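Trainee: Could you show me how to read a new structure, step by step?
Mentor: Gladly! Let's look at it together.

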There are 2 protein chains.
Amino acid sequence: MNQQGLNNKELIVEAADQLFYQYGYSQTSFSDISDKAGIPRGNFYYYFKTKDDILTAVLTQRHQLIKQLLQDCENYSNDVKAQLIYLLEVLLRDEENIVKYGCPVGTISSELSKSSVNLQMQVTDIFETLRQWIEIKMLAAGLAERSKSLSMEMLARLQGVTVLANVYHDIDFLRQSIQQHKQWLTDLLNAN
Amino acid sequence: MNQQGLNNKELIVEAADQLFYQYGYSQTSFSDISDKAGIPRGNFYYYFKTKDDILTAVLTQRHQLIKQLLQDCENYSNDVKAQLIYLLEVLLRDEENIVKYGCPVGTISSELSKSSVNLQMQVTDIFETLRQWIEIKMLAAGLAERSKSLSMEMLARLQGVTVLANVYHDIDFLRQSIQQHKQWLTDLLNAN
DNA sequence: ACAAATATAAGACAGTCGTCTGACTAATGC
DNA sequence: GCATTAGTCAGACGACTGTCTTATATTTGT
């Protein structure tokens with residue numbers, strides 16, 4: 001695969017990533033991606049045999065992004081509490097889009113849970129990457145056997161806030177909830 | 001409209017309701033609904049001019065159901081705390097389907113937020129019916145000016161738990177979270 | 001009993017979907 | 001320098017989409 005070819009594949013995945021987020025997977029057509037990426041529709045088959053293959057590539061990219069964000073948190077501070085709070089900020093940084101389209105991982109998960117079982121597992125993996133990192137940080141903070149359920153609780157809180165902010169298109173609620181979540185984390189980690 | 005006609009319209013809405021929940025709105029075709037309802041596809045146009053009209057009818061039905069559930073809570077007890085806890089149980093009663101397909105209102109909301117703006121407002125109305133009822137109950141419990149934000153927090157918690165239970169297909173997590181939510185409500189209402 | 005309105009049924013319609021083929025060009029390996 | 005592979009492009013394919021028309025049957029009001 002030459003330079004140009006790699007570039008085209010990346011362009012397709014990048015366009016698909018944005019479109020899947022904004023319009024959903026099933027509502028995005030090859031033509032939509034083609035138009036956005038500026039690459040002829042017929043050419044897609046060379047890179048991806050099926051539409052599901054494109055989604056797989058997009059999900060892999062989103063998974064990579066999450067891993068990168070976690071790494072950023074590691075680099076941000078040596079303090080576990082600061083890392084967790086920073087994760088919160090990083091995940092909800094893109095306020096406008098979250099309010100408009102919801103969580104990029106959560107929304108694709110609920111779409112896929114209604115159709116493609118095997119693809120949904122890939123999304124579960126992304127959640128699991130996040131959850132495990134959070135659990136490890138909580139363990140490090142001395143939360144012991146509560147860490148696992150607390151990591152689930154943290155993810156659930158994040159998803160809930162995201163869904164509600166999206167339902168009401170309320171960016172202020174999103175911001176207030178982030179503050180509230182920070183307080184929850186602070187209390188949790190200080191109590192120990 | 002005669003008896004038979006009313007019946008057919010209800011059959012269509014009923015079939016569509018289930019299919020929209022299980023497969024999503026855009027992934028459900030007229031043919032799917034036709035097959036499930038046992039009514040010829042061509043006949044649909046007599047009752048609904050567009051697919052959106054069917055969704056409107058389905059959303060109206062779901063809204064009615066929620067209002068009915070709230071009424072059930074009113075009838076269940078005179079105690080505000082008992083009413084709120086009962087609401088929790090009623091909303092998450094259908095555990096298997098929540099784990100498989102998520103929240104019937106939340107998932108359609110996130111699908112619609114990616115396409116149809118006007119239809120999504122109808123879903124926001126459903127949330128608002130729920131939220132206002134919760135707020136009123138909290139006001140009655142003496143939570144005063146905190147009631148509004150607490151009603152949002154309660155909805156967010158419910159949605160978050162639902163999303164996570166769906167992501168992991170974990171019915172035990174759902175049950176534990178309900179218990180946890182009950183405790184949260186109890187603490188909240190007793191503290192006052 | 002007859003006219004009008006309501007309801008049911010079947011299928012046509014244009015458009016779009018994801019997929020695939022074949023022809024063409026560019027790059028690579030020997 | 002030639003054969004082989006990798007990459008690009010346009011367009012065809014059948015299947016399916018939501019919508020709409022037409023024809024027929026049933027019910028209703030008078």
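This is a predicted model: local features need pLDDT of at least 70, side-chain atom pairs count only at pLDDT 80 or more; totals for chains, interfaces and linings use all residues.

Trainee: Which secondary structure elements make up chain A?
Mentor: Chain A has 10 helices and zero strands. Read from the N terminus, its elements go α-α-α-α-α-α-α-α-α-α. Along the principal axes, the C-alpha atoms of chain A fill a box of roughly 60 × 35 × 30 Å.

Trainee: How many of the residues in chain A are buried?
Mentor: Chain A has 192 residues, and 55% of them are buried.

Trainee: How are chain A and chain B related?
Mentor: Here is the general idea: two copies of a chain are related by a rotation about an axis and a shift along it. In this model, a rotation of 180° with 0.0 Å of shift along the axis superposes chain A on chain B, with an RMSD of 0.0 Å. That is the relation of a two-fold axis. If you want to find the axis from chain A, go to A:Gly160, whose C-alpha is the nearest to it in that chain, at 1.8 Å. Both copies use the same surface, as 100% of the contact residues of chain A recur in chain B.

Trainee: What is the volume of the largest pocket, and which residues lie nearest its centre?
Mentor: Its volume is about 740 Å³. The largest pocket has 29 lining residues, and B:Tyr21, B:Leu65, B:Leu91, B:Asp94 and B:Pro104 lie nearest its centre. H4(B) gives the most to this lining, with six residues. Sorted by class, the lining of the largest pocket has 17 nonpolar, six polar and six charged residues.

Trainee: Why does the largest pocket lie between domain 1 and domain 2 of chain B?
Mentor: Look at who supplies the lining: domain 1 (1-49) and domain 2 (56-191) of chain B both give residues to it, so the largest pocket lies between them.

Trainee: And what lines the second largest pocket?
Mentor: This pocket has a volume of about 630 Å³. It is lined by 26 residues, with A:Leu65, A:Leu69, A:Leu91, A:Asp94 and A:Pro104 the closest to its centre. By class, the lining of the second largest pocket holds 17 nonpolar, five polar and four charged residues. Domain 1 (1-49) and domain 2 (59-191) of chain A both contribute residues to this lining, so the second largest pocket lies between them.

Key
Residues are numbered from 1 along each chain as its sequence is written. Chains are lettered from A and ligands numbered from 1 in the order in which they are written. Side-chain values use heavy atoms; hydrogens and water are left out. On a 1 Å grid over the protein atoms alone, a cavity is a set of points where a 1.4 Å probe fits but cannot get out, and a pocket is an open set with protein on both sides within 12 Å along at least five of seven lines; lining residues have an atom within 4 Å of a point. Grid points are joined across faces, edges and corners, and a volume is the space filled by probe spheres set on the points. Helices (H or I, at least four residues) and strands (E, at least two) are DSSP runs, numbered from the N terminus. Ala, Val, Leu, Ile, Met, Phe, Trp, Tyr, Cys and Pro count as nonpolar, Asp, Glu, Lys and Arg as charged, and the others, Gly among them, as polar. Domain bounds come from an automatic or database domain assignment. Copies are superposed by least squares on the C-alpha atoms of residues with pLDDT of at least 70 in both. Contact means heavy atoms within 4.5 Å. Buried means under 20% relative accessible area, exposed over 50%, partly exposed in between (1.4 Å probe, protein chains only).
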